[in-house]
Amino acid sequence: MKFYSPLTAEFFPNEPDWEDESYNEYEGCQLNGHDLLQYADAVNEAVKKDIADFNGDLMQYYHEDDFVRRKVVSAVPSVEICGNKLCGCMNVELREPLNEGEQAALCDYISGQYSDGWGEGFEQRDIRVDDGTLAVHFWQEDGFKMTPSFEKIPKPEKNSLRPKMQLIGQDGNIFAIMGRASRLLKNAGQSDKAKEMCDRVTASQSYSEALNIVSEYVETELSPSPTPKRDRGDAR
């Protein structure tokens, strides 16, 4: 399950146009989600770097002993392009579906993390881009809203040692990829493999290394093709 929300930012150009009335020396230029599309890669990398220290899961700071705690496995922040805008995206892995009240409680918690928790710290970290610096906000005092979206998880093929998972055309965030692969492995009765994979991915040193590790556990476009067996008549 994903929860989308607006992104805004202040942009401080390297060479400000002092005659531009929309520019403020202390507040920069105000950007919305559409404006931020051009900086999508930089913002995405900044989020991944910022959450690396705590493995990205904000549920470790959720201290209520309730059904939300029992049903939600993890909640990892990221950004995604949605509706021609760059949006905040909370990737939520569930053990079982949330009812309306539990979903509202989770949204309240995520909103609090955006405004006074993780998001408050993130917006204070400068994001360097080619033409200036960004301060990105996951929470806004006016107009903040979280929109849920449900991700259909394909069932693994029977008798398949490695569930199949597509990379091309899907969310490229490594934590989202790891989460999808973990769910497929668990659905295939390979929870031990899911944990082993997650431990190796979080300890990896690069994006490409992490993708290759995932592709060892689930079959992706990067997985090596099996070597065809040679017919005995071919042996010489």
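Start by selecting C89 and C82: the sulfur of C89 is 8.2 Å from the closest cysteine sulfur, the one in C82, which is too far for a bond. A disulfide here is a pair of cysteine sulfur atoms within 2.5 Å, and a search of the whole structure finds 0 of them.

Before moving on, a word about what is on your screen. This is a predicted model, where local features need pLDDT of at least 70 and side-chain atom pairs count only at pLDDT 80 or more, while totals for chains, interfaces and linings use all residues. Residues are numbered from 1 along each chain as its sequence is written, and side-chain values use heavy atoms, with hydrogens and water left out.

Stay with the cysteines for a moment. Is C89 buried or exposed? C89 counts as buried, because its relative accessibility is 0%; buried means under 20% relative accessible area, exposed over 50%, and partly exposed in between (1.4 Å probe, protein chains only). Now select C198, which is also buried, with a relative accessible area of 19%.

Next, zoom out and show the whole chain as a cartoon. You will find 7 helices and 8 strands; these are DSSP runs numbered from the N terminus, with helices (H or I) of at least four residues and strands (E) of at least two. Of the 236 residues, 44% count as buried.

Now look inside. Select F3, L106, W118, L134 and M197, the residues with the most contacts inside the largest nonpolar core, which has 58 residues. Helix α5 (residues 174–187) gives the largest share of this core, 7 residues. A nonpolar core is a set of buried Ala, Val, Leu, Ile, Met, Phe, Trp, Tyr and Cys residues joined through side-chain atoms within 4.5 Å.

Keep L134 selected and show its surroundings. Leaving aside residues up to four places away in sequence, L134 touches A9, F11, L31, Y39 and I127, among others; contact means heavy atoms within 4.5 Å.

For the last stop, go to K71 in helix α2 (residues 67–71). K71 counts as buried, at 10% relative accessibility. Which side chain does the K71 side chain join through a polar contact of 2.8 Å? It is that of E102. A polar contact is a pair of N or O atoms within 3.5 Å; within protein, one must be able to donate a hydrogen and the other to accept it, and residues adjacent in sequence count only if both atoms are side-chain atoms. Also show P97, whose backbone oxygen lies 3.2 Å from a polar atom of the K71 side chain.
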